[in-house]
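Trainee: I am new to this one. Please walk me through it.

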Amino acid sequence: MARLLLDTHLVLWWLSADSRLPSSVVSLLQEAGQEVFVSQASLWDMAIKTSLGRLSADLAQVDRSIPEQGFRCLSLRNEHQLAPYGPTVRLV
């Protein structure tokens, strides 16, 4: 079993069945036993882009779709904020 962390683009592409999602990623995500995570930083990223008009997304639907797809939410923790190149460095 592998643990996978999807970035913002991959989450959005997966949920919308976007053709930009590489077939190798689709195959990997469909393999039995994969543990797939979506970081809260991705939801934060989507919210910022939506508020700036750079993304049109129903964030409540995205939030509901994550567990429906069998993905798990990865919570932000203090050590993520303190990491030199952590997931939210560019958001701060």
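Mentor: Start with surface. Accessible areas come from the Shrake-Rupley method with a 1.4 Å probe, and for residues only the protein chains shown count as cover. Here the chain's accessible surface is about 6,100 Å², with 53% belonging to carbon and sulfur atoms. This is a predicted model: local features need pLDDT of at least 70, side-chain atom pairs count only at pLDDT 80 or more, and totals for chains, interfaces and linings use all residues. Residues are numbered from 1 along each chain as its sequence is written, and side-chain values use heavy atoms, leaving out hydrogens and water.

Trainee: In what order do the elements of the chain run?

Mentor: Helices (H or I, at least four residues) and strands (E, at least two) are DSSP runs, numbered from the N terminus. The chain has 5 helices and 3 strands. Their order is β-α-α-β-α-α-β-α.

Trainee: Is Leu-4 buried or exposed?

Mentor: Buried means under 20% relative accessible area, exposed over 50%, partly exposed in between (1.4 Å probe, protein chains only). Leu-4 counts as buried because its relative accessibility is 16%. Leu-4 sits in strand β1 (residues 3-6).

Trainee: Which residues is Leu-4 in contact with, leaving aside neighbours within four places in sequence?

Mentor: Contact means heavy atoms within 4.5 Å. Leu-4 touches Leu-28, Leu-29, Gln-34, Glu-35, Val-36 and Phe-37.

Trainee: Where is confidence lowest and highest?

Mentor: pLDDT is the predictor's confidence in each residue, from 0 to 100. Helix α5 (residues 78-82) is lowest, at a mean of 64, and helix α4 (residues 59-68) highest, at 96. Over residues 88-92 the pLDDT is below 50.
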